[in-house]
Amino acid sequence: MTGGPAGPDPLGAAAAAVDGARQVALACHVNPDGDALGSMLALLHVLRAAGRDVVASFPTPFRVAPHYRDLPGLDLLVPPAEFPTEPDVMITFDSGSLARLGDLEPAAKGARVLVVVDHHVSNERFGTVNLVDPDAAASGVVVQALVDRLGLPLDRDAAVCLYAALVCDTGRFQYSSTTPAVFDLARRLTEFDVPVPELSRRLFEEHRFAYLQLLGDALARAELVPERRFVWTAVTQDMLRRHGVTIDEVEGLIDILRRAEEAEVTCVLKEEADGTVRVSLRSLGAVAVDGVAVAHGGGGHRFASGFSAEGDVRDVVARILAAL
Ligand SMILES: [Mn+2]
């Protein structure tokens, strides 16, 4: 872990901040993924069980993608409008920058103590205490370390949430982030009656039929640039309307497209309702894709990153190819 201004022991500093807090306010990044939600909810469960005053939220549009709807504790979250404006101690999860906190950014700036829990190498270390471990497979791994330092027990709900964080960010124990420590944590979590098959199906496999048809459409339109070992497709508002699918449901499309044997880098562009293009990039490992994301105001990891852009999807693809 790397220390912020708080000193050489950020884990100890974070635990001390939580121990001394009147109220702890938890927030993860906008359009949260399984790690963001899972790591935040896990700490929510642990602190509630310890009788602590704790509140949790994530930014507008305050909507959870369908495959996360079984995560225990979503009903405990408050809308961003009800989040404290000047939290005593605030903890952010999986958020590489203040901007990723959307309309909760002012709360982070107004917090007396801000603890940043993350594993993105691009993390801007915007906290009073920065618990940032780029070697951690998931933010959930960092949360586990914090819970251990707090001396608080996990319960079943917290274990389910941490397990979701772990499987989402390791691609079900397939990505290069899958270390022995990951399996150690998974073993520990599955002692708590984690419903592994149901969770796996809900997180990774189950989709509405309408999504499968949109997927067929998106795959049919995909383009391969063989000389660049690059494959991409776009999901437009028109496609979403035609199939009756929401943009949140399309998150896993890139994991299908990246199966193309000819491609090193995979790119999915999603057109938002306001015309902004949300870009996701994945690399098999030979090409770093975080640079192009950071250059466009986004972030991520060397082999998985994303950003938002303006303009026509073909222009955005051309810019990416020029930058890679
Ligand atoms: Mn993560």
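The model is predicted. The chain is assigned domain 1, covering residues 10–203, and domain 2, covering residues 209–323. A manganese ion is held by four protein donors: Asp 35, Asp 94, His 119 and Asp 169.

**The manganese site**

- The donors lie 2.1 to 2.3 Å from the manganese ion.
- Along the chain, the donors of the manganese ion follow the spacing D-x58-D-x24-H-x49-D.
- Asp 35 belongs to helix H2 (residues 34–49), while His 119 sits in the loop between strand S4 (113–118) and strand S5 (129–132), so this pair ties together parts that are 84 residues apart in sequence.
- Asp 35 and His 119 are both buried.

- The C-alpha centres of domain 1 and domain 2 are 26 Å apart.
- Domain 1 contributes twelve residues to the contact, and domain 2 contributes eleven residues.
- The size of an interface is often expressed as the accessible area lost when the parts come together.
- Between domain 1 and domain 2, the buried area is about 910 Å², and carbon and sulfur atoms give 46% of it.

- One salt bridge is found across the interface of domain 1 and domain 2.
- Arg 63 and Asp 248 form a salt bridge, with their closest N and O atoms 2.9 Å apart.

Methods
Residues are numbered from 1 along each chain as its sequence is written. This is a predicted model: local features need pLDDT of at least 70, side-chain atom pairs count only at pLDDT 80 or more; totals for chains, interfaces and linings use all residues. Side-chain values use heavy atoms; hydrogens and water are left out. Donors are N, O and S atoms within 2.8 Å of the metal (3.2 Å for Na, K and Ca); water is not among the atoms, so sites may look incomplete. Helices (H or I, at least four residues) and strands (E, at least two) are DSSP runs, numbered from the N terminus. Buried means under 20% relative accessible area, exposed over 50%, partly exposed in between (1.4 Å probe, protein chains only). Domain bounds come from an automatic or database domain assignment. Contact means heavy atoms within 4.5 Å. Buried area is the accessible area (1.4 Å probe) that two parts lose on being put together, summed over both. A salt bridge is a side-chain nitrogen of Lys or Arg within 4 Å of a carboxyl oxygen of Asp or Glu.
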